[in-house]
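Dear colleague,

I am pleased to hand over the structure that we discussed. Please find it below, followed by a summary of what was found in it.

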Amino acid sequence: MATIPWTEKYRPKTLKEVIDQKDILQSLKNVVESHAIPHMLFVGPAGVGKTASAHALACDLYGDGYMSEGMFIEVNASDERGLQTVREKVKLFARSQAFGEVGFRVILLDESDQLTEDAQHALRRIMEQFSSNCRFILVANYSNRIIEPIQSRCATFRFRLLPKKIVTKYLAEIAEKESLKATDAALENIYDLSNGDLRKCINVLQAASSLNKSIDESVVYKVMAYVDRGEVQRMLELAASGDFLKAREVLRQMLYYDGVAGRDILDAIFRQIFAMKIPDRRKMLLVDQLGEVDHRISEGASEEIQLSAFLAKILLTERAG
Ligand SMILES: Nc1ncnc2c1ncn2[C@@H]1O[C@H](COP(=O)(O)OP(=O)(O)OP(=O)(O)O)[C@@H](O)[C@H]1O
Ligand SMILES: [Mg+2]
């Protein structure tokens, strides 16, 4: 049980369980009830429920066994983006007679904006030819990569980025079911660092839970190998106060234990320098020095040595103030 990815475990089984996307869900529910299903195009950013909604719709339409009963197939265009797939796999499925109460099959063509233009034209002909037997749900991140004749044959549903409030509430529910303690700040942090991609948010929460059953911001930073700004600040203050060895310890911890990229530490230092309680003249000297370090690292110099040298420089500029 422990090894199931939570994105699977908490994947909405029916349309009722899909969160947000209210207008779309209402239309989809109507469509299921009336069995009047058009070809559909689901567009929108990553991890907001496009694929999950297509599965949920099929489940509401055909029941739990929707996959095994042969009424629904999923083809992923990014694995098999060529003309061949569309011709063979999709056509074979599309032409076979549908049976049962619903009277047509559903083909989910995921990541269909990855299909070549030729393949899209082939698809368009199949859509016309077999539309009494089957309906297509095309899923894509960008609708402008889908050829116009296909777009005009589909009802388009634009999925929106899930709002922060709704996602953090949902993550809190998962945390509770998994007996985790997670602070509000940590959940907001997960959302911000994932750009609103709920798949990513859930994965981060699961990874965090394997580190610690009580999740705060620093656990989140660790999981995402993201610089903890508080730690960078602490490192700079240690160096400014003369404790080079401790400052270097913090640096090594971030680089080797937390797995943060040297580049990211550099960016964080750059942002943090201006908040340091040191005279402006000293800040200028340090920014100048940071530019040097940036250049050397990009030329392939050792991140640890260069960043350590920068910490030493903080001490050495003390008199410049
Ligand atoms: N609106 C939502 N309601 C409930 N769960 C969601 C929603 N959106 C995403 N999820 C969760 O995130 C996972 C990934 O969602 P999904 O596969 O639907 O993303 P997608 O929109 O198809 O993204 P991509 O463009 O990357 O394929 C789901 O398994 C589910 O756990
Ligand atoms: Mg998807």
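This is a predicted model: local features need pLDDT of at least 70, side-chain atom pairs count only at pLDDT 80 or more; totals for chains, interfaces and linings use all residues.

The protein chain contains 15 helices and 7 strands. Its domain assignment gives domain 1 (6–158), domain 2 (164–223) and domain 3 (229–320). Between domain 1 and domain 3, the C-alpha centres are 51 Å apart. Along the principal axes, the C-alpha atoms of the protein chain fill a box of roughly 85 × 45 × 30 Å. The radius of gyration of the protein chain is 26 Å, whereas a compact globule of 321 residues would have a value near 20 Å.

I turn next to the ligand. There are 19 residues around ligand 1, and those that come nearest are Ala46, Gly49, Lys50, Thr51 and Ala52. Domain 1 (6–158) and domain 2 (164–223) each contribute at least three residues to the shell around ligand 1. At the level of helices, at least two residues of this shell come from each of H3 (50–62) and H9 (198–211). Sorted by class, the shell around ligand 1 comprises 9 nonpolar, 6 polar and 4 charged residues.

The last point concerns a helix pair. Helix H11 (residues 229–240) packs with helix H15 (residues 303–316) at an angle of about 45°, and their axes are 8 Å apart. H11 and H15 are therefore oblique to each other. In this contact, Leu236, Ala239 and Ala240 of H11 meet Leu311, Ile314 and Leu315 of H15. The residues of the contact of H11 with H15 divide into 6 nonpolar, no polar and no charged.

Yours sincerely

Definitions and conventions:
Residues are numbered from 1 along each chain as its sequence is written. Chains are lettered from A and ligands numbered from 1 in the order in which they are written. A residue is near a molecule or strand if its C-beta atom, placed from the backbone, lies within 6 Å of it. Helices (H or I, at least four residues) and strands (E, at least two) are DSSP runs, numbered from the N terminus. Ala, Val, Leu, Ile, Met, Phe, Trp, Tyr, Cys and Pro count as nonpolar, Asp, Glu, Lys and Arg as charged, and the others, Gly among them, as polar. Domain bounds come from an automatic or database domain assignment. Axes are lines fitted to C-alpha atoms, for helices over the stretch in contact, and angles run from 0 to 180 degrees between N-to-C directions. Angles under 35 degrees count as roughly parallel, over 145 as roughly antiparallel, 65 to 115 as roughly perpendicular and the rest as oblique. Two residues are in contact if their C-beta atoms, placed from the backbone, lie within 7 Å. The radius of gyration is taken over C-alpha atoms; the globule rule is 2.2 Å times the number of residues to the power 0.38.
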